Amino acid sequence: MDTQALNAAIRPTQPIAGQRPGTSGLRKKVTVFQQPPYLQNFVQSIFDALDGKSGQTLVVGGDGRFFNDQAIQIIVRMALANGFGRVLVGRHGILSTPAASCVIRGRRAFGGIILSASHNPGGPEGDFGIKYNAGNGGPAPEKLTDAIYAHTLSIQRYLTLETPEVDLSTLGTTAFGPATVEVIDPVAEYADLMASLFDFAALRRLLASGFRLRFDAMHAVTGPYAQELLVRRLGAPADSMAGGTPLPDFGGGHPDPNPTYAADLVQALSGAGAPDFGAASDGDGDRNMILGRDFIVTPSDSLAVLAANAHLVPAYAGGLAGVARSMPTSMAVDRVAQALGIPCFETPTGWKYFGNLLDSGQITLCGEESAGTGSNHVREKDGLWAVLFWLSVVAARNQSVEAIVRDHWRRFGRNVYSRHDYEGVDSAAAAGLMTHLRSRLASLPGQALAGSTVAAADDFAYTDPVDGSVSTGQGIRVVLADGSRLVFRLSGTGTEGATLRVYLERFEPDAARHGVPTQEALAPLIDAAESLAGIAQRTGRSSPTVVT
Ligand code: G16
């Protein structure tokens, strides 16, 4: 064990405007975080909002994007100066978001700081982000993020150590006075957790049978995790991996696993000679995309299929306590829950809203339309977990991805679903559009829309069933009598202007119509969204930036 002195110092500072955490922590351009004391102020505000941290363990890690290494150095020294007794850091400052959650829980840490802007681009001109996860391993609840924000408005000083950089390249422990910094293997504990959930022998047999997979890590954090799990432990050939080397700028790409930004993977899965299974994960490893040959699984369908097949996975063979989805996620999983006779909860967008339901044992699986699926094994959505789950279902059912989804639709009906994103919209125009929609809500019920009538329209509000906390203004929801839905909300994760998201959903019970192309099946709803919100006129956009 190396030993260094604990030379704490108090540095004066003052509030910086605009440090309000969004859907998933604070996200801004790298150039903003690089200007001292922007990062320092937010980190100190986190620590000031935490009671009882003295002598406790803090986990620190990030997705390896540009500025990750420098930010980690700043945070580790501040954590020590603020009285944490032990800081656990992934080697080179790397931890995927689900791995960080796994380590917080496994080591019974007080909490953790995760550095990532998720699926947003990286590099010197890209995005950066920071969030605090509590001792349950999950994103800080709204009460805590509100308290952190309040501290950013009154901060006057931050605490740090006057020490040289901490060596984060070597596994092991360094003492700083009474405290320690331990550099840990970022992959091992997470990989062991996965091995405890799934039947790895069955997965090895699948991969030895000639079944071919392609995993695209998009030059982001999951490269080493996928290498360990898919290649080393499960025996997939090394060339099953694409984008497996993590790069600080993600190779100039946009590490968002959707058909637009993972177009290479979609292409690789096309045609007769394509692999049987494709998957990708995002910047910090919590999102996933699943593909079969010539077939893309939508995230909402993925959640429903996993819930319907959970009994095939050892960790869930005993049954699911319940499931949950974010409000804009399609209602496909609701149908599965009904068939299984288990509760289905509808929460606001943001993984933090699943925390209490998972902690109280009311749900086992949960997911979101934004390419996130997860379970009670950690308190974050988990990209590689979803890949292993899907492979387990394929192995147990001995069917292709496409056959599994089509069978699912035949059994439960198909919730035809799409999200239209208008990115980089003028913020005032986007806010005006939402205000306009809110002003129309009361008059909508009973009106004819998209070949049906409006049954209900509201601005979604949620009361947490565990602690009673109320979250309002979570998105405009228009529900039609035929079960179709239109949802409008503004993204909480963008860093430039506003992103308007329009979510479109229509239930199709008739199997003969399950093959109708999605945008065609949704055309009346797409028109209705335009007529309700006046998107083109208010934003100047005649078509969405991204359609998923
Ligand atoms: C974050 C949250 C997710 C949420 C998503 C929504 O994802 O962790 O729970 O669904 O934001 O994003 P938006 O507000 O842009 O619709 P991530 O992967 O960015 O951390």
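View 1. A salt bridge here is a side-chain nitrogen of Lys or Arg within 4 Å of a carboxyl oxygen of Asp or Glu. This is a predicted model, where local features need pLDDT of at least 70, side-chain atom pairs count only at pLDDT 80 or more, and totals for chains, interfaces and linings use all residues. Residues are numbered from 1 along each chain as its sequence is written, and side-chain values use heavy atoms, with hydrogens and water left out. E228 pairs with R232, their closest N and O atoms being 2.8 Å apart. Both sit in helix 8 (residues 222-233), four residues apart, about one turn of the helix. Helices (H or I, at least four residues) and strands (E, at least two) are DSSP runs, numbered from the N terminus. E228 counts as buried at 15% relative accessibility, whereas R232, at 58%, counts as exposed. Buried means under 20% relative accessible area, exposed over 50%, and partly exposed in between (1.4 Å probe, protein chains only).

**View 2. D286 and K381 join two loops.** Their side chains meet in a salt bridge (3.5 Å, N to O). D286 lies in the loop between strand 13 (277-281) and strand 14 (288-292), and K381 in the loop between strand 19 (372-375) and helix 13 (383-397), so the pair ties together parts that are 95 residues apart in sequence. D286 is buried, with a relative accessible area of 3%, and K381 is buried at 10%.

**View 3. R477 and D458 form a salt bridge, with N and O atoms 2.7 Å apart at the closest.** This pair links distant parts of the chain, with R477 in strand 25 (residues 476-480) and D458 in strand 22 (residues 452-459), 19 residues apart. R477 is buried at 15% relative accessible area, while D458 is partly exposed at 27%. Salt bridges that share partners join R325, D334, E346, D458, R477, R485 and E505 into one network.

**View 4. Helix 4 (residues 97-106) is mostly covered, with eight of its ten residues buried.** At its start, a side-chain oxygen of S96 reaches to within 3.0 Å of the backbone nitrogen of A99. Further along the helix is C102, which counts as buried at 9% relative accessibility. Leaving aside residues up to four places away in sequence, C102 touches E189, Y190, L193 and V378; contact means heavy atoms within 4.5 Å. Just after helix 4, R108 takes a positive phi of about 50°.

Methods: A polar contact is a pair of N or O atoms within 3.5 Å; within protein, one must be able to donate a hydrogen and the other to accept it, and residues adjacent in sequence count only if both atoms are side-chain atoms.
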